[in-house]
Each structure stands twice: as C-alpha cells, then as structure tokens.
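Biologist: I'd like to go through this one with you and ask where the labels come from. Could you put it up on the screen?

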Amino acid sequence: MSLAAKVVKGAALKNPRPRKAVLTLTPSAVERLRTLTEGPDPKMVRVGIRTKGCSGQQYQLDYTTKKEKFDEEVKQDGVTVLVDNKALLSVLGSEMDYVEDKLSAQFVFNNPNVKESCGCGQSFMT
C-alpha cells in the first residue's frame, strides 16, 4: 500500500506549531552578557558542548565575532547568543542564568534534557 502526497509551493500552515525556544536567558545572564560583549568591537558568545568530565559532556562558552553557517541565533533583550549546531539538541529548551556567590561567579544552565550529572555539577549526560 502506498500513500500519495502533494507538495504545494508557497503554501503556509494555517496554525503553525509554536517553536520551542532553543535557549532562554535570565535577566542576570542578559546583564552579564551585555557587559562581556560590549565595546568598540562587538562580540557574541557561542554556547557549545565538548566531551569532557565525569558524566561525558561540558558546556563551552567562547567569544566570536561572526555567526557560523549552522549556528542558531538567540536574541533576547539586545543580547545575541549563538548556539553551536552540534550542541543544539543537548541545549534545546534550556535556561541560561548567571549566578554570583561568595566563592564563585558563573553561568549556570538549567537544562531539562540532562539525564545524569556528576557530583561537582560540571559535567552532564543527555
């Protein structure tokens, strides 16, 4: 049994499904990113994943001045963050926060895709 399908050029969906946000930023993350990326040569931050740590993966944040071909661009409150295409499925739906306490200051990811993380909280598995 076969099914027929028809492609209509230029047809738009009447009720497109809302797209899940790749990454959302908290107000404290927006403010910190703004101070890190402003200046005479504006920069952006690229969020990526690398293989490392007890549980297998770690977040990697790098400065960049240009968007790569398959990077996902997240713009929020005047700040632009790029998500590396290789990290997209691992980061999808996450919230990026900036937390300061007496001993540290760091970006923290609240990621619903994490299945396991190590005791120190630096690495995770999706």
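Predicted model: local features only at pLDDT ≥ 70, side-chain atom pairs only at ≥ 80, totals over all residues.

Biologist: How many helices and strands does the chain have, and in what order do the elements run?

Modeller: There are two helices and nine strands. Starting at the N terminus, the order is β-α-β-β-β-β-α-β-β-β-β. As for burial, 29% of the 126 residues count as buried.

Biologist: What makes β1 and β6 a pair?

Modeller: Pairing takes at least two bridges found by DSSP. Strand β1 (residues 23-25) and strand β6 (residues 94-100) have three bridges, in the parallel sense, so they pass that cut-off. One of the contacts to look for is Thr24, whose bridge partner in β6 is Glu95.

Biologist: And which way does β7 run against β6, parallel or antiparallel?

Modeller: Antiparallel, with six bridges joining β6 to β7 (residues 105-110). A hairpin of four residues connects the two strands, and Tyr98 stands opposite Phe107 in β7.

Biologist: On to charges. Why is Glu31 with Arg34 called a salt bridge?

Modeller: The label needs a side-chain nitrogen of Lys or Arg within 4 Å of a carboxyl oxygen of Asp or Glu. For Glu31 and Arg34, the closest N and O atoms are 2.8 Å apart, so the pair qualifies. Both residues lie in helix α1 (residues 27-37), three residues apart, which is about one turn of the helix.

Biologist: How many salt bridges does a search of the whole structure find?

Modeller: Three. Another of them is Glu68 with Arg46, where the closest N and O atoms are 4.0 Å apart. Glu68 lies in the loop between β3 (57-64) and β4 (72-76) and Arg46 in strand β2 (residues 44-51), so this pair ties together parts 22 residues apart in sequence.

Biologist: What does Asp71 do with Arg46?

Modeller: The side chains of Asp71 and Arg46 meet in a salt bridge, at 2.7 Å from N to O. Asp71 lies in the loop between β3 and β4, while Arg46 is in strand β2, so the pair ties together parts that are 25 residues apart in sequence. Asp71 has a relative accessible area of 5%, so it is buried.

Biologist: What makes Arg46, Glu68 and Asp71 one network?

Modeller: They are joined by salt bridges that share partners: Arg46 pairs with Glu68 and also with Asp71.

Biologist: And across the chain, what share of contacts comes from residues 24 or more positions apart?

Modeller: Such residues account for 52% of the contacts with a separation of 6 or more.

How values were computed:
Residues numbered from 1 in each chain as written. Heavy atoms only, no water. Buried < 20%, exposed > 50% of the residue type's maximum accessible area, 1.4 Å probe, protein only. Contact = heavy atoms within 4.5 Å.
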